[in-house]
Amino acid sequence: PTAQIGVTGLATMGRNLARNIARHGYVTAVHNRSDAKTKALVEEFGHEGTFVPGYSAEEFVASLTSPRTIIIMVKAGAPTDAVIDELAPLLSEGDILVDGGNAHFADTRRREAALRERGIHFAGVGVSGGEEGALLGPSIMPGGSEHAYAKLGPILADIAVDVDGTPCSTHVGPDGAGHFVKMVHNGIEYADMQLIAEAYDLLRHGLGRTPAQLAEVFESWNSGDLESFLIEITARVLRQDDPTTPGRPLVDVIVDEAEQKGTGRWTVQTALDLGTPVSGIAEAVFARALSGSSAQRKAAQGVLPGPAEVPADAEAGGARVGEPGGEEGAGGFVDAADAESFIDDVRAALYASKVVAYAQGFDMIRAGSTEYGWGIDPGAMATIWRGGCIIRARFLDRIREAYEKQPDLPSLLVDPYFADAVARGQEAWRRVVVQSVTAGIPAPGFSSSLAYYDGLRRERSSAALVQGQRDLFGAHTYRRVDRPGSFHVEWGGDLSESQTA
Ligand code: 6PG
C-alpha cells in the first residue's frame, strides 16, 4: 500500500477535493461507485499529483497505508450510510473514516458512536466553498476525536485556504460538532442570501433601475463593510444578460422559485429544539418555501390588493419577461432626488440585518455546544469562515475580534463595535422597513431582524401578558418581578393570588 489518504465519491466536490489533496503532494487513493469517474479523474488530472485508482472497495482500501484515512464525498443520508456499510468491514482498528458531505449532525453522532464501537474513528467534516473552493482551498470545519484530528488536521490545514497566514480549518469539537457548525454556516448563508435579495428587490422597485445598473451598486458596496463573496457574486448575477437573448437581464428569465437541499431547514428545525431564536434564518427558509408555493401565489395574484398609491412599477415587479424593461427612469416608489440616500439606507439595513443573522447563528452554535458538550470556540469559527466558504466576508474579522476580546459575549450585537455599527444604521433600517411595508414589497428578513433587535433591547417585553394569559386559561403560573417563587391567580374565584412554589 502506498496511498496516504483516500477519497471515495468522485462527483464534482469529491473529485475537486481529491485533486486539491494530490496537488499538495499527498499520494491519493481515489474510488467511485462507478469506475468511469475514477478513470476520468486519473486520465484528465493524473499529471497534477499521484493518484492511486481503486476499482473496487477492496482494492481502494488495500491501497492505503495503515492507519488508513478515507474521506467520503457522497450525498448526505442513505448514500453515506451505504458507503460506510461497504467500507467498515474492510477497515481495521485505528483507521479514520471522514464524512466530508453535508451530513445532518445527528447522523454524524450516530455514525461516530457506532464506528467507535468497532475501533474506527469517524470524523464528520464540514466543507464549504462549492466546487471551486474544494479545488482551490475551502473552509473546513472538522469534527471528531482529538486522535482523528491529530492525523487529519495537518492535511486539512494544507488543503484549506489561508487568510493572513492562518488556514481556514480548525478542530471544531467531537462527534457532530463539525457538521453542526457547517449546518449553521449554511443557515447563515440562507439568511444572507435572502437579505441581499430583499435589498435588490427594494432597490429595483424603489429606483426603477436595471439589474445591470444595480450591479454597480452592489459592486460599490463590496468595497466597504459589506465586502463579501455573496455581495460580489450578486453583482455578477445582476450584470449577466440572458445568454439566449442579449439585452435581457438573466435575473428576469430565471423562475422565481428558490430551491433548497435542506441544510437551512435543518438549522431551523434544530434551533426550534434548542430554543434559539434564529428568526432571520427561519424567514429565509420560509421565503424560499413561499416562493415555491406556486399554486397559492397564482391564486393570490390579481385577487389580493396591494397599497393604493404605489407606482405601477413596484407592483409589476419591474421588467417583465420578454421586455427589456426596467429602464432608468421607468419610475420607482422613491423620488429620483432621494435615490442616493435610499441606496444608503438599504445598505445600512442590509448590514444591520446581516449582523443580526450572524448574532443568531453564533448564539445557536453556543447553544448546540452547550447541549452536546462540544466546547466550540466561537472566535475560532469566525476565523475559519474568513476565507474559502460561501459566507466569507470582511466583517468576520470583526466577529473574530469580538469573541477574542470576550469569549462569553452574550450576543454579537452587544459587542461595542457591532453595537455602534448597528446603532449608526438603525434609523435607516427602520426607514427601509417602513418603505417596504408602504410599497408592499416583502422584506421579511429586514423586518424580522429589526423586530429581533427591538425585542432584545427593550427593557420589558409583552411576554408578561402572555404569562398572564397562560395562568388564566391553564393555571400555568407566573413569576413576579418583586419576589421569588411561582404564583397563580384564582381567576374563576375571588381573584386572590397564591404562591405555588
Ligand atoms: C457551501 C454551500 C454548499 C451548498 C449548499 C447549497 O458551503 O459550499 O453551502 O454546501 O452549495 O448546500 O444549499 P441549498 O441547495 O440548500 O441552497
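Predicted model: local features only at pLDDT ≥ 70, side-chain atom pairs only at ≥ 80, totals over all residues.
## Overall shape

Let's start with the whole chain. Its secondary structure comprises 20 helices and 12 strands. The C-alpha trace extends over about 75 × 70 × 45 Å along the principal axes.

How does the radius of gyration fit a compact globule? For 501 residues such a globule would be near 23 Å, and the chain has 26 Å, which agrees. Of the 501 residues, 51% are buried.

## Around the ligand

The ligand is surrounded by 14 residues, and the closest are Asn-102, Ser-128, Glu-189, Tyr-190 and Lys-261. Helix α8, which runs over residues 177-207, provides the largest share of this shell, with five residues. Sorted by class, the shell holds eight polar, four charged and two nonpolar residues.

For Tyr-190, a side-chain N or O atom is 2.4 Å from an oxygen atom of the ligand. For Asn-102, a polar side-chain atom lies 2.8 Å from a ligand oxygen, and for Asn-186 the distance from a side-chain N or O atom to a ligand oxygen is 3.1 Å. On its own the ligand has 420 Å² of accessible area, and the protein covers 81% of that.

## Cysteines without a bond

How many disulfides does a search of the whole structure find? The count is zero. Take Cys-168 as an example: the closest cysteine sulfur to its own belongs to Cys-389 and is 7.2 Å away, so the two are too far apart for a bond. A disulfide would need the sulfur atoms within 2.5 Å.

## A look at Glu-44

Finally, a residue in helix α2: Glu-44 sits in this element, which covers residues 35-45. With a relative accessible area of 49%, Glu-44 is partly exposed, because the exposed class begins over 50%.

Glu-44 can also be placed relative to Gly-126. The two are 82 residues apart along the chain, and 27 Å separates their C-alpha atoms.

Definitions and conventions:
Residues numbered from 1 in each chain as written. Heavy atoms only, no water. Near = heavy atom within 4 Å. Polar contact = N/O pair within 3.5 Å; in protein donor to acceptor, adjacent residues only side chain to side chain. Areas by Shrake-Rupley, 256 points an atom, 1.4 Å probe, with all protein chains shown as cover. Helix = DSSP H or I, 4+ residues; strand = E, 2+ residues; numbered from the N terminus. Nonpolar A, V, L, I, M, F, W, Y, C, P; charged D, E, K, R; others polar. Buried < 20%, exposed > 50% of the residue type's maximum accessible area, 1.4 Å probe, protein only. Rg over C-alpha atoms; globule rule 2.2 N^0.38 Å.
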